[in-house]
Amino acid sequence: MSGAGCSNENNLNRLALEKSPYLLQHATNPVDWYPWGEEAFAKAQSEDKPIFLSVGYSTCHCLKALEDHAKKGLLSADKSQVAGEDCWHKCALQLSRSYEADFGGFSMAPKFPQPTNFNFLFHLYDKEKDTERGLQCLEMCLHTLKKMAYGGIHDHVNEGFARYSVDERWHVPHFEKMLYDQAQLTVSYCDAYVVTKDEFFADVAKDILSYVSKDLSHELGGFYCAQDADSYPYEGALHKMEGAFCVWEYDEIRNLLDEETNGIKHSDVVIFHYNVKEKGNVSLAQDPHKELKNKNILSCFDSYESTARKFNISIVLLKEILEKSHKVLYEERQKRPKPDTDTKILTSWNGLMISGFAKAGFVLKNQSYINRAILAANFIKKFLYSEEDKFLFRCCYKGDTGQISQTSSPIAGFLDDYAFLIRGLLDLYESSLDADWLQWAETLQETQNALFWDETNAGYFSSSSLDKSILLRSKEEDYLIDQDGVEPCGNSVSVHNLIRLSTYLHRNDLREKAGETLACFSERLKMFPIALPEMTSALMLYHNFPTQVFIAGPTEDNSTQALLDVVRSRFMPGRILAVADGPGGRAGLLYRRIETLHRLKPIEGRAAAYVCRNFTCSLPVTEPAELATSLDDASRKAAHWVRSQHPELFNHRECDPPVELFFPPITYNENSNVTESDLQSAISKNQVSDAILINNLLKAKSIDIAETTKQSLLELLCFNNSEDLLPEEFIEERWFKQSSRLREKQRKTWKDGSLADEIFISMENPSAEAYSAMIQGLAKFNHASRAHHLFEEAQAKGLVDLDTYNAIIKVAPFLKENTDLSRHYFSLLLPNVPFEEFMETTYNKLVPNVYVPEPSVMKEVIKQIELNGAIEHIPRIWSDMIVFNHNNREDLIAYILAVMVDNVVPEGSELVEKFSKIGLDIYTSIDGQAEDKYNSVKFTGDMLGKIMILLLRNSDFENASLVMHKLIHQHQKIVGVPSFDALDLFVDHCIINKTPSRAIECIQYASDSGFPDVLGLGVKLNEKLTLDEGHLNRLSKCVNIKIR
């Protein structure tokens, strides 16, 4: 609703009196806006009019672009103002399917950082370090974080990260910078540093915190929300442009960076490293408004190492040149008109940033970061917290003179304000070891429980029970309302907080609330854990109690600090840390809650560490090396440590049976006296070099080996490419060397002429197993052409098994002679192996990481599902069809609908609901297409009828009515008609729902469409429902017979 008083932009509406930057932006709108509050609600109620709600925030480029097109409402508000183990395995699988391997990230363009994915993947890696899945989780995190740090989404000059990238290479950002991104990415890069000890990640974390301190900080401690994407390209410009503050022309780089080091021009280094081009490095596809023409975004598509090789300099010198160049460019940028800063201070995002500074301070052992987190926490306590009521407020503002101001009616805190701040305070406690922060966290958790807990269904509502302006309280388990996306959802963070607090304070009631919240979200966690990675991480923490580390000793004592250094160097998600410095020390609260803390004492004047897992505590240790051994995952590290320190204890074999792991390793040389048993032993232990040497020794002595041993040796050599496993003892240390091998995806690395080739060639009649070993090895190490040649040879002899098919599919895309091989082999397998075996050993392993099925192959998969009655796979196939963009294929849609309709699922089966959702997905995606879209899918009557049947089987009468409405009112555009069964079922549900008018409309449609048994529908309706005179007259006209 708009008033008459705002007729042009020179007049101000009532938003001019507000504090929010977003609301102030709309103070000149020709609309009689009201801010969120009782005045607006009272006016709407008195005039019996609905509320037109505008939601946004001040730095949003897209909203401002819309405003430029339509400055046309009553109310304006500021937007910023128990499952089990299979869930986290499913989440990892879903993330791996969405992972983009070249540049990292979990989607194609546009790409968002999504730190909640990193939180989950790092957690699962820590839980499953010694598995292939764990290594893959680590690879996805580290590769993505490195590519982001090198990319244009990272501001290499002013520091910090932009909100997202419009392309898949992290090159062209949406230049807006959000506080929540800086906060969460700080934690992600700190986690990466702790896991890898690679200073690259620590440097990026420091870069982010430097940006926040410079550009998003109030002097009293609060953090501002965001920095705008748009700015004026030069003083006096009439219009702002996106990215104007950040981009560079080629000549600017050349002229500004005129310094040289060792005869190397700094401009040459920057131009090469950041891909700077004379005509700009932004493609037209990424610049639809032509604001970046001839401009360059600094973005490195390789690495420090490649640039250092290019200029034949050390990486240290390269970084010095880049740092000097960044300073020059920074000074130049400060001369440009700066983008606006949204100086609103949000409690929730400040909570996230407190976590960032606190974690960085602890991990990097930087007290200034911890002090900055303390300053921010005190700011919130002073300006955004009511000590009397124990309530939080949503936000406050920087006034015109820099003072902190608040609206006349402060906005009460939402769920995420409490949850994010509590997380920040827990992290701050662990970095500062001051239990006062833990005490405040507990107080806020009590308030959160009182204001937001859903007493009926468990979990937390988003809004407070005290906010009477909210008529319908939502909760994130309602689909599409919220998820763990660019920010985690409040319920996900709350579960983490509840588990940590319950462990710290021995409060089982809080743990019970965590379990009830997880149960509330259980269906979503089971079906779509990828939507809730942060909560899936909390689920892992719930099922696997956090590791607890208690250090008894004065906090500032050197021995205490030495033990703390060990803890800060270990990645332990959800870890509980406390320093027992006496009841009168900083841990006083814990002494009052944890009785056993009184019994933890230093040992002989030295700090002692106690490590507890699953309610069992280790013996106290005083040496950092002993604590490191105790903390490291798995007792095998402890055994190896003992073995390395005391080898004399293991020179005998008195155990029965012998523990071979502790035998002294056997060293072979050319003079060793060996037997075939020694060869078999080396093969069983994956000792490739030893196996090769023993084989050669046996060959030199003309000792023949059994065919079974020869086959085992061939398999070992093929699987490992005749190379030993990387020598590092533990997988987290092995990652660095292994990752370089993983990157060689399309380069042939098979060792031609190796012992594997020799053994295979020596076989007069190679078996199916021998062919399989060779083909799998050649495929694994990318010798595609020879793998294909051997496959054809084996196929001609009838010696091809399922594993061989899978191996050849992997390399088929790299064969120049036949681009259709993947499809060919996939199609060959489908009818020739049991379908469940095909899904488990081929489809699930290869799709989509190795092969994306073409529509014709997908149709064959659906056909086999139908023939084998394996309809439980339909939801997975539909999900893949969406990902592969096959959901715009009319033939596939028709086929999958037919299979779902023809295979009636028993009532109560979860497939009923899943099929209904697929039907609704199909309807909404087609209905939402632009009519002129190239190759768009057109509704058919049969298609809509089948969708209606699926919906009605799930009792989704309202959506089925929408489909029926489209059939009736757009019948001239729709080819064909639905089945009579669909119309009959719809009439049945009209009777159930007592909606005779809808039933009569359906019967009229059936009559107009020429169905013969229209009278039967009318009679049934008249018998089952009591119709009034109007209904009877309309029904009689439909069936051409008077019905009474």
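## Nonpolar cores

In the largest nonpolar core, which has 175 residues, the members that touch the most others are Phe122, Tyr189, Ile551 and Leu590; such a core is a set of buried Ala, Val, Leu, Ile, Met, Phe, Trp, Tyr and Cys residues joined through side-chain atoms within 4.5 Å, buried meaning under 20% relative accessible area (1.4 Å probe, protein chains only). Leaving aside residues up to four places away in sequence, Tyr189 touches Leu145, Met148, Ala149, Phe161, Phe201, Val204, Ala205 and Ile208, where contact means heavy atoms within 4.5 Å. A second, separate core of 73 residues includes Met858, Leu892, Met900 and Tyr923.

This is a predicted model, in which local features need pLDDT of at least 70 and side-chain atom pairs count only at pLDDT 80 or more, while totals for chains, interfaces and linings use all residues. Residues are numbered from 1 along each chain as its sequence is written, and side-chain values use heavy atoms, with hydrogens and water left out.

## Packing of H17 and H18

Helices H17 (residues 490-505) and H18 (residues 508-520) pack with their axes 8 Å apart and at an angle of about 155°, which makes H17 roughly antiparallel to H18, a term for angles over 145 degrees. To this contact H17 gives Asn491, Val495, Leu498, Ile499, Leu501 and Ser502, and H18 gives Leu510, Arg511, Lys513, Ala514, Thr517 and Leu518; by class, these residues divide into 7 nonpolar, 3 polar and 2 charged.

## Helix H36

Helix H36 spans residues 874-883, and its buried residues are Ile874, Arg876, Ile877, Trp878, Asp880 and Met881. Asparagine 885, which follows H36, has a positive phi, near 65°. Helices here are DSSP runs (H or I, at least four residues), numbered from the N terminus.

Note on methods
Buried < 20%, exposed > 50% of the residue type's maximum accessible area, 1.4 Å probe, protein only. Helix = DSSP H or I, 4+ residues; strand = E, 2+ residues; numbered from the N terminus. Axes fitted to C-alpha atoms, helices over the stretch in contact; angles between N-to-C directions. Parallel < 35°, antiparallel > 145°, perpendicular 65-115°, else oblique. Nonpolar A, V, L, I, M, F, W, Y, C, P; charged D, E, K, R; others polar.
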